[in-house]
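Q: I have a two-chain model open and want to learn how to read its features. Where do I begin?

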Amino acid sequence: MTTAIALRDVVKSFNGFRAVDSITLDIPAGGIFGLLGPNGAGKSTTIRMIMDIIRPDSGTIRVLGASSHADVRSRVGYLPEERGLYKKMKVLDMLEFLGTLTGSSPRDARTESRSWLERLEIGDWASKKVEELSKGMQQKIQFAAAVLGRPKVLILDEPFSGMDPVNQNLFKDAMLEISREGTTIVFSTHQMETAERLCKELALIDKGKLVLSGPLAKVKEGFGKNSLLLEYEGDGAFLGRLSGVARVDEYGSYSEVRLEAGADPQAILRSVGERLRVRRFEIVAPTLHNIFMEKVGATAAPVLERVGDA
Amino acid sequence: MHNILMIVRREYLERVTKKSFWLGTAVFPLVMVVFAFVPMFLVGLGGNERKSIALVDGTGKLAAHLTRELAGEKLQNGQARYAIESVPIAGSIEATRASLEERVRNKTLYGILSVDADIRTKDAFQFYGRTVGDVKSIEEFQSALRRAVVALRFENANIAVDKNVVAGLLAPVDMQTNEVSSRGGSTKKGFTEAYLGTFMFVMILFMTLLLYGIATMRGILEEKSSRVMEVLLGSVSPGELMTGKIFGIGLVGLTQVAIYAATAGAVRIYLGAQGSSQTAGILSSFTPGKMTFFLVYFLLGYFMFTALFACIGAVCNSEQEAQNLQTPVTMCLMLPMAATIFFVGQPDSTISVIASLVPIFTPMVMFMRICVETPPAWQIALSIALSIGAIWLILRGAAKVFRIGILMYGKPPTIPEILRWAQG
């Protein structure tokens, strides 16, 4: 597998604060890569450095093998965390302009913009000013702006934030389609559920440091099949007090239970069966959410774990 | 290069297709014309009514001479412009004059001229008017008085000279000023023409530089506040973005200047066909040579100031914030304009020469000097060379400041900080 983006010992500080602290990471070509981490972990800073919008204090970043970003800029699509459009411009004119910046001629960019507007179901709004559009429509346009010019690498910073489920679904489908066409997609998020469903490979960063990285399946494998999914009727508040339970995520009539090493799931099942009416009991690998909580929730210095081989 | 062209294209089309551009383009010359012509028109208006002037004459002999000398000044309907009313002295000259003041106040008299019995003293002639700002009338009246008094002096000295001889002897001596161009030849030119012609050019230069500098700054501020900046930076480098903006908006500026030049040229040809008038005199400043220099210094000034304004836009988040940083830059434009009268009057003084070679002042000052005289070729060449050097430095520094400032939200940096970024 070839590498689309390679970071080596990348460091970036702002006024003495280490936003990105010596990150080394290979993002494989093809597929969808999730850059995960809590707010303020350094995701956007890392992405901005990949985009050459800010430069690292030290370390190197290669995108598509090029050492100078200028050579690949037109082949990288970007959706920044801070969304922004030319509010006074007409939708199609603005997309045409943004499209030309990927190296297309105005005519080609216009054709491509039009087809994206159709695909995102806002073709009728092409000659309206951007400011006249609803927030959801502006999100679609922002997305179209990022994917114009058939980029080889598409970087999406928090693509689903503030989006309704309909748009989320639309974009998810678009992302999968683009990915199938051979584009490497990197997206950042702090929503683990989305990441779990979309990424093939991921990296988790916290406080500027890489906590873990690797293919999703192997990351989960590394944590073992030591979690329980429980669905029940009754009050599950006692679950956390059972012996052998490390931590519990309770959702009323549904809980995700992480076991301590060596704990016996059958013993847990017996105790639970005495008190609750169990509808579902499943031994599973931990969800990404649980892994995230375990890794990031811990205050101890993060330990770098490289799980599996890319 | 493709990206820069595309940015130029957007900046140009977005601006030139706006109504406000054409409105602004049309309004500016209109304002200039109003400023230039309305005062002249108003002065002309006041001159078309009969003016009665009371004469309190200590000599008793001036009235006839004065009436004769004023006879030449006619209103448009052919009547005499000035009516002299001799008022017999009751008591003293001063008392008589004082008694007439009421009539000046109620406007039945334009003014009072009191003349001492001894016309050789310094303060012998006193004019009392409701207004002393009517320069044209007062000048006319004064010159008639001067001729009348000279005639009276001849009479008092018992020199009997033929009236025509006196007229010949007293024929006014007006000195016509001419400008010797160093390229050979000379043109008839007065200070007013030189000043007005230059000032008009300088005004256009000042307005366009300021206008487009601020337009650039505002464009960048808008892209920052609408957060579209980062979307752009995903596709273009900050350097490309800045270059594209400066050239795109510059092209809009050139379009406007071209419209003005074409208009001025057309007006000049039209007025030329109408026969020469004072306005044609001012418009005669629009020679191809001067236009070329205007273009050169416009471009030099444009790159210098727009780069500076672009930096200000990059490091600020709102126009209010930008105000503080804008002041020193605007001052660099304002100062030479405020001193136009000095540079036009003393184009060769050491201060003028030095100021015209300091890059930040060059576009304005060197251009003024070129308008009124022809500075040595080496000075023109040196000023252009120094400016180009300065522009190169400014653009290089600006690109660095731009790169850092463009993604900065929060408190704008201080000037020393900006300078540090520019060097780094």
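A: Begin with pairing. Two strands pair if DSSP finds at least two bridges between them. With that in hand, take one bridge: Ser13(A) has Arg18(A) of β2(A) as its bridge partner. Keep in mind that this is a predicted model.

Q: How many bridges join strand β1 of chain A and β2(A), and in which sense do they pair?

A: The general idea comes first. Strands of a sheet pair through backbone hydrogen bonds, either parallel or antiparallel. Here β1 (residues 3-14) of chain A and β2(A) pair in the antiparallel sense, over eight bridges.

Q: What is the strand order of the open sheet of three strands in chain A?

A: The order is β2-β1-β4 (chain A), with antiparallel pairing. β2 (17-28) and β4 (58-63) of chain A are at the edges. Each has a single partner strand, so one side of each lacks a neighbour in the sheet. From one strand to the next, the twist averages 15°.

Q: Which residues here have a positive phi without being glycine?

A: Asp9(A) is one of them, with phi near 50°. Asp9(A) sits in strand β1 of chain A. Asn15(A) is another, with phi near 45°. Asn15(A) lies in the loop between β1 and β2 of chain A.

Q: Is Asp9(A) buried or exposed? And Asn15(A), buried or exposed?

A: Count C-beta atoms within 10 Å. A residue with 12 or fewer others is exposed. Asp9(A) has 12 other C-beta atoms in that range, so Asp9(A) is exposed. Asn15(A) has 5, so Asn15(A) is exposed.

Q: How many residues of strand β13 of chain A are buried?

A: A residue needs 20 or more other C-beta atoms within 10 Å to count as buried. In β13 (residues 277-284) of chain A, the buried count among its eight residues is zero. This strand is hardly covered. Yet β13(A) has a partner: seven bridges join β10 (residues 227-233) of chain A to β13(A), and the two run antiparallel. One of these links to check is Glu233(A), whose bridge partner in β13(A) is Arg277(A).

Q: What are the overall figures for chain A?

A: Take the inventory, then the extent. Chain A holds nine helices and 14 strands. Its C-alpha trace spans about 70 × 45 × 40 Å along the principal axes. Of the 310 residues in chain A, 41% are buried. Contact range is another thing to read. Among contacts in chain A between residues at least 6 apart in sequence, 71% join residues at least 24 apart.

Q: Into which domains is chain A divided?

A: Domain 1 covers 3-220 and domain 2 covers 225-284. Taken over C-alpha atoms, the centres of these two domains of chain A are separated by 39 Å.

Q: How many residues does each chain give to the contact between chains?

A: Read each side on its own. Chain A gives 21 residues and chain B gives 16 residues. On the side of chain A that touches chain B, the largest share is three residues, from helix α2 (residues 91-100) of chain A. By class, that side of chain A has 12 nonpolar, five polar and four charged residues.

Q: At what angle do helix α11 and helix α15 of chain B pack?

A: Read the angle and the axis distance together. Helix α11 (residues 288-315) of chain B and helix α15 (residues 362-372) of chain B pack at about 170°, with axes 9 Å apart. An angle over 145 degrees counts as roughly antiparallel. That is why α11(B) is roughly antiparallel to α15(B). The contact includes Phe293(B), Phe294(B) and Tyr297(B) of α11(B), and Met366(B), Phe367(B) and Ile370(B) of α15(B). Its classes are 10 nonpolar, two polar and one charged residues.

Q: Which residues does Ile119(B) contact, leaving aside neighbours within four places in sequence?

A: They are Thr59(B), Ala124(B), Val149(B) and Leu152(B). Ile119(B) lies in the loop between β3 (111-115) and β4 (125-129) of chain B. Ile119(B) is partly exposed, with 17 other C-beta atoms within 10 Å. Ile380(B) is 261 residues from Ile119(B) in sequence and 55 Å away in space, C-alpha to C-alpha.

Key:
Residues are numbered from 1 along each chain as its sequence is written. Chains are lettered from A and ligands numbered from 1 in the order in which they are written. This is a predicted model: local features need pLDDT of at least 70, side-chain atom pairs count only at pLDDT 80 or more; totals for chains, interfaces and linings use all residues. Two residues are in contact if their C-beta atoms, placed from the backbone, lie within 7 Å. Helices (H or I, at least four residues) and strands (E, at least two) are DSSP runs, numbered from the N terminus. Ala, Val, Leu, Ile, Met, Phe, Trp, Tyr, Cys and Pro count as nonpolar, Asp, Glu, Lys and Arg as charged, and the others, Gly among them, as polar. Domain bounds come from an automatic or database domain assignment. Axes are lines fitted to C-alpha atoms, for helices over the stretch in contact, and angles run from 0 to 180 degrees between N-to-C directions. Angles under 35 degrees count as roughly parallel, over 145 as roughly antiparallel, 65 to 115 as roughly perpendicular and the rest as oblique.
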